[in-house]
Structure formats: C-alpha cells, structure tokens
Amino acid sequence: MTKKKYDIISKLDEYQSGFYEWNKPFYLINKKDKRAKKFKNQKEKHGFSDDETWSLYTSTVLFFLPRIKRFKKIIEDLRMHPASLNEQEWIDILNKIVNSFELMFKEDINGKNITKEEQEQINEGLDLFGKYFQDLWW
C-alpha cells in the first residue's frame, strides 16, 4: 500500500508521524530519540506502540481527524443524515466535530495556547462526537 501524508501534520521532517498505512498507525516520536527503534518494532509487531499512549487523546485525534473529514465529504456527496436530523443539521454537527479535533491537534502539536472560546468549541465538538458516535456510518 502506498504511504500517504496526513494533511494535518506539521514538522514532518522531525517526526516519524505523517504517514499512515491501514495496519500501521502513526507515531509521534522524534526520529533522533533513542527509543524510536523500540517503538518502531512495537508498531510492526502490534500495530501500535507505547508512544501513542503518552498523549492518547492526540493519537485519537490524529486517527479520527482525516477519517471524519473524509466521512463528511462522503455524507455530503450521498446526501445522507441520521433520521433525527436534516441534512444541514448533520453537516453542521460534523463541522463542529472536525473543528474541535483540529483545535486539539493545533494546541497539542504546535504548542498553541487556545482561547476560552476555542475551548468551548472543543467541548461542544467532543460532546457532539460522543452523542452521535453511533451515527458515524453510511
């Protein structure tokens, strides 16, 4: 399978993250770190490595963000939505979820301090993600 760069990762030269194969998730360890080889071996053996648990929410965001963006695009093209919502309400909810994941990613990876308003957006998006988690299918 061909490796594909994430569209959300910065600092690709410093980190081994930024690539994803369906059976080999990303990891966030500097290539020069003496533990990098250990984590690479864990990843090849188990599909994930201990470094993904240092900041599990970051690993989770990195896993879900490109997928939820693609899901949203598919849903828009198919014009599908949960029965309890109309099409625009569903797109608005997905946008809020995407926005919250992007804000968490920017804060964690880039060391960006978030504002109170951004934290409220993150909280709203996470609440919606939990509420509609079982509706993430098509």
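Modeller: A residue counts as buried under 20% relative accessible area, as exposed over 50% and as partly exposed in between (1.4 Å probe, protein chains only). This is a predicted model, in which local features need pLDDT of at least 70 and side-chain atom pairs count only at pLDDT 80 or more, while totals for chains, interfaces and linings use all residues. Residues are numbered from 1 along each chain as its sequence is written, and side-chain values use heavy atoms, with hydrogens and water left out.

Colleague: In what order do the elements of the chain run from the N terminus on?

Modeller: The chain holds four helices and two strands, these being DSSP runs (H or I, at least four residues, for helices; E, at least two, for strands) numbered from the N terminus. Read from the N terminus, the order is β-β-α-α-α-α.

Colleague: How many residues apart in sequence are the parts that F64 and F101 tie together?

Modeller: Nine aromatic pairs are found in the whole structure, a pair being two rings of Phe, Tyr or Trp (its six-membered ring) with centres within 6.5 Å, stacked if the planes are under 30 degrees apart, edge-to-face if over 60 and tilted otherwise. The F64 and F101 rings have centres 6.4 Å apart and planes at 65°, so this pair is edge-to-face. Because F64 lies in helix α2 (residues 56-78) and F101 in helix α3 (residues 87-110), the parts tied together are apart in sequence by 37 residues.

Colleague: Is F101 buried or exposed?

Modeller: F64 is partly exposed, at a relative accessible area of 22%. F101, by contrast, has a relative accessibility of 3%, and therefore counts as buried.

Colleague: Which helix holds F129, the partner of F101?

Modeller: The ring centres of F101 and F129 are 5.2 Å apart and the planes stand at 65°, so the pair is edge-to-face. Both residues are buried. The pair links distant parts of the chain, 28 residues apart, with F101 in helix α3 and F129 in helix α4.
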